[in-house]
Amino acid sequence: GCALQPVRCERWTMDFRIDFNKLFGKAVDRLFALALTQTGTFHGAARPILQGHAGGDIVKAQALALEGLHTHLHVIKQHSGRFLECFSDDISYAGLRVPVAGKWTMPIGTAAGVDPNAEGLDPLSYLYGLQMPGPVTLHPHHPAEMPFQDDARREDLFVPPTYASQGLVPMRDRLRTYREAGGAAVVLPAVVGCCRSETGDANLLREVQTMLEALTPYADGFVWLPALAGWPGVWNPRIFHRVAQAMSAAAPGQLLLVEMPAFANPDQASWLDLVGAFVEGGGNGIVAVGGREVPREQTPKPACWPFESAIQCGASLAAYRQTAIEAARRAFPALFIAACGGFHRREEAFRACEHANVIVENEAYTRYGPGIVLQLLHKLVLRLRYLQRAGQIDSEELWDFQQARWQSLVSAPANTSLA
């Protein structure tokens, strides 16, 4: 059966708090710590609780998760070192730091959608090396319903081809408050510019430029989200070039990225043309991949899905992500690449960092919690240590390995198979 009900806009202001202390008593901090660091505890216990209270609404689920992070910030601080410094006494992350927007930081962060309105900047900074709050729009955007469907068999999540945003002003104010309080994390807000037709691309440029100008004093860079513009014609090299120009004019010298969708092999050339146009316009890199749009019929319960399409996230994206970041690195050796999508297994970290600068994720955190980061970082350290001891690389430093690997990849024969 289908239990999804339309979500009224008024629900945006509802109180989403869960009284964790009432639910679990004195054991609440211990349980929260387990869910924070252990993927099995999060997936088997915390996730069902969050989903049950969210009632099938993704906006409410996000609000619940962020509320829990604020409520138990003291627990997060106690475990912060495991996320940012070392897995254990003999597994240090010192060699994993990479340069992002002029700062050296841990290579795993949050993608757009984890913190839509920059409400979790402080607690998330104790867990992740970089953050991409958003999607943010110039004006508030409150869709009537924001359902999600989970495909447990394939470990995929299907979300709407739309978004919710409180607008630019709350995002700006929270970023400013975070910086004034001493917050120093790498923050790359993800922005949406609306464009309903070819004659409306001027509005897209105006909105993007307005948001960047307002947020630049508090941001290290930005991510543009063309998939949410509202017009399929936005996938045009001319538009990508103009948006990059507008971004570089509004935020000179900052790291400017565009989130790219998944592609199948026949579309690789046109996909790379878009990336090239963005770079030529002044952009620096990409987030790949942001998701895969599929028709309603491919969701787990098509009869219950209120949209014509859905964005597929999860384990199925790993293959698309790997193909995309390798193709982009081969075509644009100096490109900044944030790998995104399908980070469910420890091995995915090393696979991605062979081609990308950093990893950003959303869906995997909703499935396994922040603890998946510990597994990814641990695997990176062990793999680099093994390669160095085996004489295959000269240094255990991730940045040294990446630079050498990218030079090798660019000179190797192309292999564009989707694997």
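**Briefing: an open sheet and a buried arginine**

Nine strands make up an open sheet with parallel pairing, in the order β9-β6-β5-β17-β16-β13-β12-β11-β10. The edges of this sheet are β9 (186-187) and β10 (190-191), each of which pairs on one side only. The model is predicted.

**Sheet and packing helix**

- Strands of a sheet pair through backbone hydrogen bonds, either parallel or antiparallel.
- Strand β6 (residues 130-131) runs parallel to β9 and is joined to β9 by 2 bridges.
- Leucine 130 has valine 186 in β9 as its bridge partner.

**Arginine 329**

- Arginine 329 lies in helix α11, which spans residues 317-331.
- This arginine is buried but has no salt bridge.
- Glutamate 326 carries the nearest side chain of opposite charge, 10 Å away from arginine 329, whereas a salt bridge requires a distance within 4 Å.
- The side chain of arginine 329 makes a polar contact with the side chain of asparagine 357 at 2.8 Å.
- That arginine side chain also reaches the backbone oxygen of histidine 355, at 2.9 Å.
- Leaving aside residues up to four places away in sequence, arginine 329 touches Ala334, Leu335, Ile337, His355, Ala356, Asn357, Trp406, Leu409 and Val410.

Notes: Residues are numbered from 1 along each chain as its sequence is written. This is a predicted model: local features need pLDDT of at least 70, side-chain atom pairs count only at pLDDT 80 or more; totals for chains, interfaces and linings use all residues. Side-chain values use heavy atoms; hydrogens and water are left out. Two strands pair if DSSP finds at least two bridges between them. Helices (H or I, at least four residues) and strands (E, at least two) are DSSP runs, numbered from the N terminus. Buried means under 20% relative accessible area, exposed over 50%, partly exposed in between (1.4 Å probe, protein chains only). Lys and Arg count as positive and Asp and Glu as negative; His and the chain ends are not counted. A polar contact is a pair of N or O atoms within 3.5 Å; within protein, one must be able to donate a hydrogen and the other to accept it, and residues adjacent in sequence count only if both atoms are side-chain atoms. Contact means heavy atoms within 4.5 Å.
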